[in-house]
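Colleague: Could you take me through the reading of a model, feature by feature, with the cut-offs stated as we go?

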Amino acid sequence: MAAAVATPTAALAHAEASHGGGLVAGFLHPISGLDHAVAMVAVGLWGAVLGPPALWVLPVAFPMVMAFGGLLGLLGVPMPGVEIGIAVSGLVMGLMVLLEFRPPLAAAVLLVATFALFHGYAHGAELPPGGNALLYSLAFVVATGLLHLLGILLGEVRRWPGGRLGVRAAGAGVALVGFWFLRRALL
Amino acid sequence: MNTLAALARPPLLVQPLAHLVPTGLGPWGDGMARLVLQPTDLLLVLALVLLAAQAEGPCAERLPLLLPLAWLLGGLGGFSLAAELPWMLPCTIAVTALGLLVTLGVRWRARIVLPGAAGLALLFGLAAGSNLAGHAGGLAALAGEAVAIAVLTTLLLLPLAPPRRRWLELGLRVIGSWITATGLLMLGWLVRHPQGW
């Protein structure tokens with residue numbers, strides 16, 4: 001992961017402009033973009049920090065709003081600052097986990113949904129034609145959901161002695177990755 | 001990371017599988033495979049199953065019989081149509097809407113879910129029939145697809161309905177959100193690339 005952070009060559013929320021159909025391509029797309037992946041994990045982590053109902057409301061809201069963002073991207077609706085929005089999502093979500101910030105549920109959902117819009121837009125704008133577009137979309141959404149689940153499982157480590165510190169450290173890591181991408185997007 | 005990106009490159013682009021893919025198992029087997037190989041129909045059936053699992057009353061008991069029968073009836077009607085019906089866009093819209101209903105987690109009544117499910121199965125069975133009409137053994141393929149729907153519906157509803165445990169209830173809603181998200185992405189893709197309908 002450290003090597004990937006140290007040697008990025010392009011915005012990684014969308015690994016290749018030529019991504020097309022197929023389960024494998026769709027499944028690997030979110031995982032192969034570090035800025036996207038850490039933000040997805042952070043959604044689960046923050047859900048675990050907040051506890052029920054945010055634990056499941058955030059991972060339910062994110063893919064739907066993300067897909068709506070994807071729809072906007074596919075339709076060519078202009079959205080400025082997408083790369084910056086994606087980077088800020090990692091930074092802010094990481095900070096939320098690090099600081100164990102607990103806003104009201106509606107505010108948490110609003111924040112996560114806003115970030116989801118940027119992530120979805122970036123992916124949607126690059127979903128190319130292909131007969132397997134549905135499989136691609138399905139695998140993409142499932143991979144995103146599994147990244148949320150990974151975050152939730154990591155967040156559940158809080159129940160163990162010292163786990164809380166580990167989760168906060170993971171949040172700090174996500175924030176650092178977000179900061180790295182933000183710096184790159186602004187330069 | 002580069003390896004992942006290389007793996008994530010697209011496989012061979014194929015045409016939407018509106019028709020039959022030869023499985024070597026004859027028209028019956030081709031029809032059964034059609035459901036699995038055609039994700040839009042598969043998602044439609046899955047969404048209806050989840051909706052029935054959440055619903056009140058005898059939905060879960062009746063859907064495994066009602067859904068394939070309605071599909072079969074619609075398909076038989078479709079054989080008499082002169083032209084193939086467009087199915088991709090309406091089916092995607094239906095999948096998206098059904099996924100959203102599952103996500104909301106409302107316990108719908110059987111008198112709403114069952115007629116709705118039967119209506120959708122009739123409609124998309126009609127489209128399936130119109131697509132299969134030109135195939136040799138199309139009738140057997142349609143019957144195979146109906147059987148596949150019955151098997152899938154039964155196998156899924158047995159463990160899912162009713163979702164008594166809290167985690168299962170939430171799991172259904174999460175899957176509903178995934179179906180909605182997939183449908184939304186697909187809708188955008190269909191609008192952007194109308195040749196894929």
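Predicted model: local features only at pLDDT ≥ 70, side-chain atom pairs only at ≥ 80, totals over all residues.

Colleague: What percentage of residues count as buried in chain A, and what percentage in chain B?

Modeller: A residue is buried if 20 or more other C-beta atoms, placed from the backbone, lie within 10 Å of its own, exposed if 12 or fewer, and partly exposed in between. By this count 58% of the 187 residues of chain A are buried, and 48% of the 197 residues in chain B.

Colleague: How should I read the contacts in chain A by sequence separation?

Modeller: Two residues are in contact if their C-beta atoms, placed from the backbone, lie within 7 Å. Among contacts in chain A between residues at least 6 apart in sequence, 85% join residues at least 24 apart, and in chain B 85% of the contacts with a separation of 6 or more are between residues 24 or more positions apart.

Colleague: How are two packed helices described?

Modeller: They are described by the angle between their axes and the distance between the axes. Here the axes are lines fitted to C-alpha atoms, for helices over the stretch in contact, with angles from 0 to 180 degrees between N-to-C directions. Helix H7 (residues 133–155) of chain A and helix H8 (residues 166–192) of chain B have axes that come within 9 Å and cross at roughly 140°. Angles under 35 degrees count as roughly parallel, over 145 as roughly antiparallel, 65 to 115 as roughly perpendicular and the rest as oblique, and H7(A) and H8(B) are therefore oblique to each other.

Colleague: Which residues of H7(A) and H8(B) meet?

Modeller: From H7(A) they include A:Leu134, A:Leu138 and A:Val141, and from H8(B) they include B:Trp178, B:Leu185 and B:Trp189.

Colleague: Which residues touch the most other members of the largest nonpolar core?

Modeller: A nonpolar core is a set of buried Ala, Val, Leu, Ile, Met, Phe, Trp, Tyr and Cys residues joined through C-beta atoms within 7 Å. Of the 127 residues in the largest one, A:Val97, B:Ala47, B:Leu48, B:Ala52 and B:Ala117 touch the most other members. Leaving aside neighbours within four places in sequence, B:Ala47 is in contact with B:Val95, B:Leu98, B:Gly99, B:Val102 and B:Ile179.

Colleague: Where is B:Leu122 placed, and what does B:Leu122 touch?

Modeller: B:Leu122 is in helix H6 (residues 110–132) of chain B, and, not counting residues up to four places away in sequence, B:Leu122 touches B:Ala70, B:Leu73 and B:Gly74. The C-alpha atoms of B:Leu122 and B:Gly74, 48 residues apart along the chain, are separated by 4.3 Å.

Colleague: Which residues does a cis peptide bond join?

Modeller: A cis peptide bond, with omega about 0°, joins A:Pro52 and A:Pro53.

Technical notes. Residues numbered from 1 in each chain as written. Chains lettered and ligands numbered in written order. Helix = DSSP H or I, 4+ residues; strand = E, 2+ residues; numbered from the N terminus.
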